[in-house]
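Visitor: I have a new model open on my screen. Could you walk me through how to read its features?

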Amino acid sequence: MTSIERTAYPRFKRLISAHELHLFFSPSRDELEWAADATDCDEHLLALLLMLKSYRRMGCFPALEDVPVMVVDFVRRAVELPEGTLPVYRAERTAKHRRGLVRKQVGVTYDQARAREIVEQSIRKETEAKNRPADLINIALEKVVEAGLELPGFSTFDKMASKIRTEVNASICAGIHDRMSAAQRAGLMRLLEERDSDGTTLFNRLKKPAKGPTWSHFKNLTKRLEWLDELGDTDMWMAGVAAGKITDFAGEADAADASELRDFVPVKRIALVAALTHKARMRVRDDLATMFCKRVATKIKKAKAELEEIRLAEREIVEALIGNYRTVLKHIDAGGPAQEALTKAAAMTAEVRQALEGLDEEASVDEVATRLEGRVSPAVLALVKAQVVQAGGFGAVTRAVEGFGGFAKQYEQIEKVSAHHGNFWEVLLYGQIGRDRAVMFDLADNDKLKFTATSEDSRVLDALAHAQRHQAARGEYITAFNEEGKEVDISFATQNWRKAVVDKTRTGQFVRKHFEAMVFTALAEELRTGDVAVVGSEEYADWSEQLLAWEAVQETLGSYLVEVGLAEAGESAEFDATFFRRQLEDKLRGAAAAADAGYPENDGLVIDPETGIPSLKAFRADGQRPSAKRLEQEIKARMPERSLMGIVARTAYWVEWWRRFGPPSGNEPKLTDPLGRYVIVTFVKGTNMGPYEAARHIPGVSGHELSYVANKHFSIVLLNEAIADLVNAHARLDISQAWGDGTAVAADGTHMDTYLDNLLSETSVRYGKPGGIAYHHISDTYVALFTHFIPCGVCYPGRPEAVRYAA
């Protein structure tokens with residue numbers, strides 16, 4: 001049976017604020033007159049008013065004995081009934097009649113057959129995509145309320161959700177089983193039996209997370225990708241199965257051991273392993289793409305660090321280049337070896353030129369011999385000697401450059417100085433990325449990862465294809481034209497990159513090494529932003545294929561616009577991009593006008609009349625007033641000292657965040673005391689203790705029990721849901737409103753580390769083991785959850801049943 005605490009089925013909260021009592025349970029004059037006319041004694045009057053207000057608040061009739069004492073006392077005092085008056089009916093027939101009066105007063109229809117039909121239809125429809133019974137029950141609740149019907153009892157929802165979910169899941173598992181061949185099914189079953197090199201089953205290999213972004217780990221991942229692809233076409237197995245259902249099935253298989261899966265019926269066992277295999281194939285592509293992006297980011301970081309080192313060593317490099325250039329000039333200048341050789345060569349050829357002066361270009365050999373008095377051979381030898389002398393002069397310059405380390409070394413140093421003066425780290429990247437060139441090209445191969453553009457802009461992928469076509473090139477330059485004779489478009493790159501890639505002295509060519517570095521950098525950025533997707537991936541999947549169909553959006557667009565304040569109720573104007581932009585412009589103009597109007601009275605805001613730049617004056621505090629000090633002392637005197645474990649237990653009882661956790665199958669936890677066990681696990685993990693270390697200090701639990709619950713019942717997604725519960729609970733407290741008026745918040749400008757916020761905002765986070773990409777700092781998420789207990793635990797009251805966990 002699903003716990004009612006895990007659902008949105010209406011029930012009284014354990015803690016009801018004074019504001020909620022006045023808002024939802026204050027009888028109006030008309031309601032009091034109506035109830036007084038329908039009853040003949042104080043007990044019935046109080047009972048009828050409680051039934052009316054409870055139904056208006058929850059949509060169902062609670063048992064009168066379940067109504068909290070604070071609600072009963074509040075209503076009794078509101079209608080000025082004598083102390084000790086209890087809401088009771090002496091006969092069930094009277095209670096039934098009163099429920100009918102309330103339904104008539106509220107205007108609700110009592111049709112349990114129709115309500116059960118709606119529940120069944122909604123659950124059967126949603127079970128195709130959702131697996132947790134609590135989610136199914138919540139959706140059914142919403143549909144019944146929309147139909148204006150009275151809610152059936154919770155047991156009705158629970159039984160129907162359990163029965164229908166079992167039927168639908170069995171049908172889905174059978175479909176997966178039937179779409180697989182006998183050989184594929186046998187291959188998956190061998191995973192539960194055959195052993196890997198480390199002694200564990202091959203099934204355990206499916207669950208292994210990726211390691212750090214090194215190329216040795218990359219090669220292992222590529223082998224794993226080949227192994228997973230050989231198991232079968234999982235896309236065909238999962239055809240027609242909702243992504244959420246696949247995730248739930250894979251999560252159930254991931255939380256189980258091979259021995260546990262052997263206890264499942266064959267059809268379900270194969271379906272769960274198939275779902276986990278499908279997820280593993282997607283995950284390994286995610287890991288490869290993530291590894292590539294992290295590797296490129298590391299290389300960029302190193303290139304920028306190298307630029308900083310160049311800045312520090314700039315004087316030495318510049319002085320060396322100046323000295324080298326001075327030496328080259330000395331060789332070329334007057335009196336240098338190059339000039340002397342040129343002068344000597346010119347003198348040696350002058351005699352020959354003088355002897356042949358005026359000779360026609362078509363003169364015969366005899367005529368040339370006559371001019372040179374028969375000495376043709378000495379003249380030719382003189383010309384050759386002159387050329388040798390001239391070449392020797394230029395050779396002296398070349399030898400000087402070679403003495404400095406060679407032309408390549410000089411060019412490299414010049415590029416480094418150029419990078420420094422233009423913040424030009426791009427030209428340094430290939431020096432970092434060159435060693436990984438072969439592996440990066442191997443990763444971009446379609447056999448490993450298949451990339452696709454998520455929009456019509458495919459310039460990066462076109463550039464990647466051009467780089468792949470010239471992968472075997474080793475020269476400094478490659479052509480800038482593709483196979484169709486069109487120039488490769490690199491307008492996606494920054495100005496620095498284009499400056500590095502395009503050599504103005506070589507029209508129609510790219511500098512190969514910089515072009516490749518630019519392509520890999522752009523590809524990593526496009527993967528990160530979602531402009532390029534990986535086929536068969538999950539984290540890097542094509543987001544455009546996951547959007548709702550426009551027909552489905554139009555059905556709820558009107559109500560959504562009203563809800564978010566972009567349209568008025570009943571407005572039928574066409575909502576398009578032009579309308580939306582006009583709305584934003586109007587709001588911005590209004591906000592700007594309000595800011596301008598308030599500027600003369602705003603002493604803290606100053607706008608520079610010359611530059612127009614606004615700035616805020618430094619706020620000078622007047623110091624803490626004596627009344628504030630007395631208030632602080634009084635609060636400290638009244639605030640009890642509480643242990644961390646006590647705070648965790650207290651918030652678990654009042655806020656019920658613990659209901660978020662459970663087995664991945666969606667079933668209820670089979671723990672004797674789930675609240676207590678989840679409280680202890682959260683405390684242990686939130687304080688970064690190990691399970692066996694904690695078991696030595698907490699009586700009544702073992703390290704195995706704590707480890708089992710943490711691995712089987714907790715995940716990043718569930719932890720984030722628990723954090724949301726705590727944040728929402730704190731927002732309802734009166735103390736949270738002291739920070740602002742509901743629309744603005746008071747702050748002291750203190751800079752806070754947003755690492756955890758950035759961590760928790762990642763679109764896709766998976767649970768893994770320490771040291772791997774998939775780990776994603778789950779311990780930090782426990783800490784984030786743990787830190788939210790403090791404000792809530794201080795403000796919520798205690799309870800004996802919960803305090804025992806703080807022993």
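Visitor: Where does Asp 436 lie?

Guide: Happy to start there. This is a predicted model, in which local features need pLDDT of at least 70, side-chain atom pairs count only at pLDDT 80 or more, and totals for chains, interfaces and linings use all residues. Residues are numbered from 1 along each chain as its sequence is written, and side-chain values use heavy atoms, with hydrogens and water left out. Helices are DSSP runs of H or I with at least four residues, numbered from the N terminus. Asp 436 sits in the loop between helix H21 (426-433) and helix H22 (437-443).

Visitor: Is Asp 436 buried or exposed?

Guide: Buried means under 20% relative accessible area, and exposed over 50%, with partly exposed in between (1.4 Å probe, protein chains only). At 5%, Asp 436 is buried.

Visitor: With which side chain does the side chain of Asp 436 make a polar contact?

Guide: A polar contact is a pair of N or O atoms within 3.5 Å; within protein, one must be able to donate a hydrogen and the other to accept it, and residues adjacent in sequence count only if both atoms are side-chain atoms. For Asp 436 the partner is the side chain of Arg 295, at 3.1 Å. Counting contacts (heavy atoms within 4.5 Å), and setting aside neighbours within four places in sequence, Asp 436 also touches Trp 215 and Lys 299.

Visitor: How do helix H9 and helix H15 pack?

Guide: Two packed helices are described by the angle between their axes and the distance between the axes. Axes are lines fitted to C-alpha atoms, for helices over the stretch in contact, and angles run from 0 to 180 degrees between N-to-C directions. H9 (residues 182-191) and H15 (residues 266-312) pack at about 85°, with axes 10 Å apart. Angles of 65 to 115 degrees count as roughly perpendicular (under 35 is roughly parallel, over 145 roughly antiparallel, the rest oblique), and H9 and H15 are therefore roughly perpendicular. Residues of H9 in this contact include Arg 185 and Leu 188, which meet a set in H15 that includes Ile 270 and Val 273.

Visitor: What covers the buried residues of H9?

Guide: The cover includes H15 along with helix H8 (154-178), helix H10 (202-206), helix H11 (215-230) and helix H12 (234-237). Among the buried residues of H9 are Gly 187 and Met 189.

Visitor: At what angle do the axes of helix H13 and H15 cross?

Guide: They cross at roughly 105° and come within 8 Å, with H13 spanning residues 243-254. H13 and H15 are therefore roughly perpendicular too.

How values were computed: Helices (H or I, at least four residues) and strands (E, at least two) are DSSP runs, numbered from the N terminus.
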